[in-house]
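Student: I'd like to learn how to read a protein model. Could you walk me through this one?

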Amino acid sequence: MQPFLIFGLTANLGAMGELAGHERRGGLTFPGRSAVIGLMGAALGIRRDGDFSALEALQITIGLHDSGAALRDYHTIETVPSAAIKSPNSRPEALRAARGRTNTTITLRDYRAGSLFSVAVAGSGLEALAKALNAPVFTLYLGRKSCPLAAPPGARLVQAERAEDALAQMILPPWRQKDRLQAVVVEDPAGEVLHDLAVDRDRWHFAPRRVAVRPVAGGAP
């Protein structure tokens with residue numbers, strides 16, 4: 001047996017993106033590792049240019065209760081032509097250097113509506129992290145700022161042999177009591193590739209890793 005920190009993530013709308021394109025912002029069906037670390041950092045009051053090394057050292061397992069329904073938003077965005085600036089390091093840098101020489105284009109952004117996830121965290125500093133999640137410094141979002149959580153995370157420490165067993169002890173919001181744990185997202189050398197390992201949060205640079213979605217016993221077929 002070992003200690004795990006468990007908490008829930010549910011929102012009316014969630015935006016769980018991976019690599020950000022120009023005309024299309026696709027979405028995953030579950031939160032990526034970097035998104036969960038960013039959320040925990042927000043709870044602790046760590047700003048984007050702060051030190052995330054302690055959080056990056058944690059083991060994180062995502063539980064899937066309900067991935068929600070797909071929703072697509074048609075959005076306009078200010079773009080910077082390549083003639084205005086070559087190879088910018090970030091979007092803010094490109095906008096500053098363009099000095100008004102920009103275009104407006106229509107883009108597509110994907111969301112998940114009514115999703116419900118759980119998170120199991122193993123490592124050091126879990127007690128302080130649980131307190132922060134239940135009384136966060138910054139507002140917690142499921143992806144974008146337009147996607148605040150629909151319920152408090154309900155973070156608490158439990159004892160379990162595996163992350164899957166810890167997630168089975170989640171206390172879900174009253175209106176989601178019937179949503180059982182369906183699967184868990186775990187690292188797997190033979191799994192699909194995701195780019196959700198933050199290398200440079202200031203420049204939005206991410207490295208790949210491989211994960212697999214594994215059904216759990218007792219989940220819906």
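This is a predicted model: local features need pLDDT of at least 70, side-chain atom pairs count only at pLDDT 80 or more; totals for chains, interfaces and linings use all residues.

Student: How many helices and strands does the protein have?

Tutor: Helices (H or I, at least four residues) and strands (E, at least two) are DSSP runs, numbered from the N terminus. Here there are five helices and eight strands. Along the sequence they come in the order β-β-α-α-β-β-α-β-α-β-α-β-β.

Student: And what does the radius of gyration say about the overall shape?

Tutor: The radius is taken over C-alpha atoms, and the globule rule is 2.2 Å times the number of residues to the power 0.38. For 221 residues, a compact globule would come out near 17 Å; the protein has 18 Å, which agrees. Its C-alpha atoms fill a box of roughly 60 × 35 × 35 Å along the principal axes.

Student: What share of the residues is buried?

Tutor: Buried means under 20% relative accessible area, exposed over 50%, and partly exposed in between (1.4 Å probe, protein chains only). In this protein, 40% of the 221 residues are buried.

Student: Where do the contacts come from, in terms of sequence separation?

Tutor: A contact means heavy atoms within 4.5 Å. Of the contacts with a separation of 6 or more, 76% join residues 24 or more positions apart.

Student: Which residues have the most contacts inside the largest nonpolar core?

Tutor: A nonpolar core is a set of buried Ala, Val, Leu, Ile, Met, Phe, Trp, Tyr and Cys residues joined through side-chain atoms within 4.5 Å. The largest one here has 35 residues, and Leu5, Phe7, Met40, Val121 and Leu133 have the most contacts inside it. At least two core residues come from each of strand 1 (2–14), helix 1 (33–44), strand 3 (59–66), strand 5 (103–122), helix 4 (126–134) and strand 7 (183–200). Helix 1 gives the largest share, six residues.

Student: What about a second core?

Tutor: There is a separate one of 16 residues, including Leu116, Ala166, Met170 and Leu172.

Student: Is Leu116 buried or exposed?

Tutor: Leu116 has a relative accessible area of 1%, so it counts as buried. Leu116 sits in strand 5. Beyond four places in sequence, the contacts of Leu116 include Leu9, Leu64, His65 and Leu172.

Student: Now His65: buried or exposed?

Tutor: With a relative accessible area of 9%, His65 is buried. His65 belongs to strand 3, and among the residues it contacts beyond four places in sequence are Leu116, Phe117, Asp179 and Arg180.

Student: What lies over the face of Tyr111?

Tutor: A charge sits over a ring if NZ of Lys or CZ of Arg is within 6 Å of the ring centre and within 35 degrees of the ring normal. Over Tyr111 it is Arg144, at 4.8 Å from the ring centre.

Notes
Residues are numbered from 1 along each chain as its sequence is written. Side-chain values use heavy atoms; hydrogens and water are left out.
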